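Keep the 3D view open as you read, and try to find each place as it comes up.

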Amino acid sequence: MITRQRLAAGVCALLAALTAGIAFPTGAVADETAEQAAPKVELVLDVSGSMRAHDIDGGSRMSAAKQAFNEVLDATPEEVQLGIRTLGANYRGNDRKTGCKDTAQLYPVGTLDRTEAKTAVATLTPTGWTPIGPALLKAAGDLDGGNGTRRIVLISDGEDTCQPLDPCEVAREIAAKGIGLTIDTLGLVPDAKTRDQLSCIADATGGTYTSVQHKEELTDRVGQLVKRAADPVVTPVAVEGATACTSAPTLKSGLYTDREEFGQHRYYRVDVKPGQELRASVSVAADREVNPDYGVLLRAVTVHGREIVRGEAAGNGRTDVISTGLRYPKAESDDENAPAETVCLQVSNSFSAASGVKTAPGMPVELTVDVVDGPDQASDVASFGLGRGWWLLGALVLTGFLAGVLWGWVSRLRIAVWRTN
């Protein structure tokens, strides 16, 4: 699930919709105004002995984490209830059984007292083991209750040292409970084993994995994730798109989530009656490392495959989500019994996996669909993709023409005066 991502997802989809010249679908966001509990976030910090290493901008990993936490605490939105949990912070011995129970809540989830939280963070010293699995189980319990956004942000510099309690399986168990809890992970060491484990944890709950090697990167990313929890949330409905239009599921206005493999095409059907307008947007989350040069395409096509309208976006470099949208008005009909037109939405992407990155499961897809009454005035309907941009285009052409005539007249006058002199 990509809620805000993804939502990121909601904010990015809104920007894409505005860029495409469309309004964000009202039907899909109708329940955003419903009363919801305050968003909750718990920062889970690895305080194991390896955090003493000095390899982040000349300082220790622990000092980088403390600095990031202090800046994030200052910027945390008032409406977010935030807590801090540690792992490996208290037990200094060599007994594995005891070390794998070493997780504690440093600051309880609730209304944030910034001074108290900073004071608690300042006391931390790299100490013991790395019980990621037990810490995630406890953190899920810390966030239990309520229907608001719940997010765990895990910062670690290594693999879990408390197998056989696999933290990836723990994350899958949390996701299977259906409580809408997202786990985002940040890795301070770019080795393959750490990356694979933290990526697996994030993938299991629809979260994101980020590799960070600088203080600013760590601060910015943790801050983004905390603020994301405060974004309005709509719970998407899970749907499975088809590989062909003829077998695609029929969608009504709403917000939907699916998964799409690299380079795959997914189809969904929408019925549009005469006098209605279809508005749609899609966001594809890059929840793992991908190669540069990528794009996402959203097409509205007939059941026979003829393209009606399209929206597309492309990028190059690091991204968390890429979005695009489209708008299709269906002309009114004099026949009151005129049938609805079946429009197929095709979602495709041109992502490719980086070396060693798993391609399954597919990347999270969030699709917004809204079918509304068509605009009353023809000027509100897109014209050759420009919509009301025709007014601006006409004004620019006229201004350019007049400027050219004036400049030509002035130039001729100057030449005439020069020749006379």
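## Arg 61, a buried residue

Arg 61 has a relative accessible area of 10%, so this residue counts as buried. The model you are looking at is a predicted one. Arg 61 belongs to helix α2.

Which residues does Arg 61 touch, leaving out those up to four places away in sequence? Ser 50, Met 51, Ala 53, Asp 55 and Ile 56 are among them. Asp 157, Leu 188 and Val 189 also touch Arg 61.

Is Leu 73 buried or exposed? Its relative accessible area is 0%, and the cut-off for buried is under 20%, so Leu 73 is buried.

Look next at the contacts of Leu 73. If neighbours within four places in sequence are set aside, Leu 73 is in contact with Leu 82, Leu 112, Arg 114, Ala 117 and Lys 118. Take Arg 114 from that list: Leu 73 and Arg 114 are 41 residues apart along the chain, and their C-alpha atoms are separated by 6.1 Å.

## Helix α2 with helix α4

Helix α4 covers residues 114-122, and its axis comes within 10 Å of the axis of α2, with a crossing of roughly 175°. Angles over 145 degrees count as roughly antiparallel, and α2 and α4 are therefore roughly antiparallel to each other.

On the α2 side, the contact is made by Lys 66, Phe 69, Asn 70, Leu 73, Asp 74 and Ala 75. On the α4 side, Arg 114, Ala 117, Lys 118, Val 121 and Ala 122 take part. Sorted by class, the residues of this contact of α2 with α4 are six nonpolar, one polar and four charged.

## Helix α2 with helix α8

How do the axes of α2 and α8 cross? Helix α2 (residues 61-75) and helix α8 (residues 215-228) have axes that come within 9 Å and cross at roughly 35°. This crossing of α2 and α8 is right-handed.

From α2, the residues that meet α8 are Ala 64, Ala 65, Gln 67, Ala 68, Glu 71, Val 72 and Ala 75. Their partners in α8 are Lys 215, Leu 218, Thr 219, Val 222, Gly 223, Val 226 and Lys 227. The contact of α2 with α8 has eight nonpolar, three polar and three charged residues.

## Helix α5 with helix α6

Now turn to helix α5 (residues 132-142) and helix α6 (residues 167-176), whose axes are 8 Å apart and which pack at an angle of about 20°. That angle makes α5 roughly parallel to α6. The crossing of α5 and α6 is right-handed.

Ile 132, Gly 133, Leu 136, Leu 137 and Ala 140 of α5 make the contact with Pro 167, Val 170 and Ile 174 of α6. By class, the contact of α5 with α6 has seven nonpolar residues, one polar and no charged.

## A stacked aromatic pair

How many aromatic pairs are counted? The count comes to one aromatic pair. Tyr 294 and Phe 351 form this stacked pair, with 5.1 Å from centre to centre and 5° between the planes.

Tyr 294 lies in strand β14, while Phe 351 lies in the loop between β17 (341-349) and β18 (363-373), so the pair ties together parts that are 57 residues apart in sequence. Tyr 294 is buried, at 7% relative accessible area, and Phe 351 counts as buried at 4%.

Asp 57 sits in the loop between β3 (54-56) and β4 (59-60). Asp 57 is not a glycine, yet its phi is positive, at about 55°. Its relative accessibility of 43% makes Asp 57 partly exposed.

Asp 293 is in the loop between β13 (276-285) and β14 (294-301), and its phi is also a positive value, near 65°. With a relative accessible area of 52%, Asp 293 is exposed. Asn 90, in the loop between β5 (81-87) and α3 (96-99), is exposed at 55%. Not counting residues up to four places away in sequence, Asn 90 touches Asp 102, Ala 104 and Thr 127.

Notes
Residues numbered from 1 in each chain as written. Predicted model: local features only at pLDDT ≥ 70, side-chain atom pairs only at ≥ 80, totals over all residues. Heavy atoms only, no water. Axes fitted to C-alpha atoms, helices over the stretch in contact; angles between N-to-C directions. Helix = DSSP H or I, 4+ residues; strand = E, 2+ residues; numbered from the N terminus. Left-handed = near helix turned anticlockwise from the far one by under 90°. Contact = heavy atoms within 4.5 Å. Nonpolar A, V, L, I, M, F, W, Y, C, P; charged D, E, K, R; others polar. Buried < 20%, exposed > 50% of the residue type's maximum accessible area, 1.4 Å probe, protein only. Parallel < 35°, antiparallel > 145°, perpendicular 65-115°, else oblique. Phe/Tyr/Trp six-rings, centres within 6.5 Å; stacked < 30°, edge-to-face > 60°.
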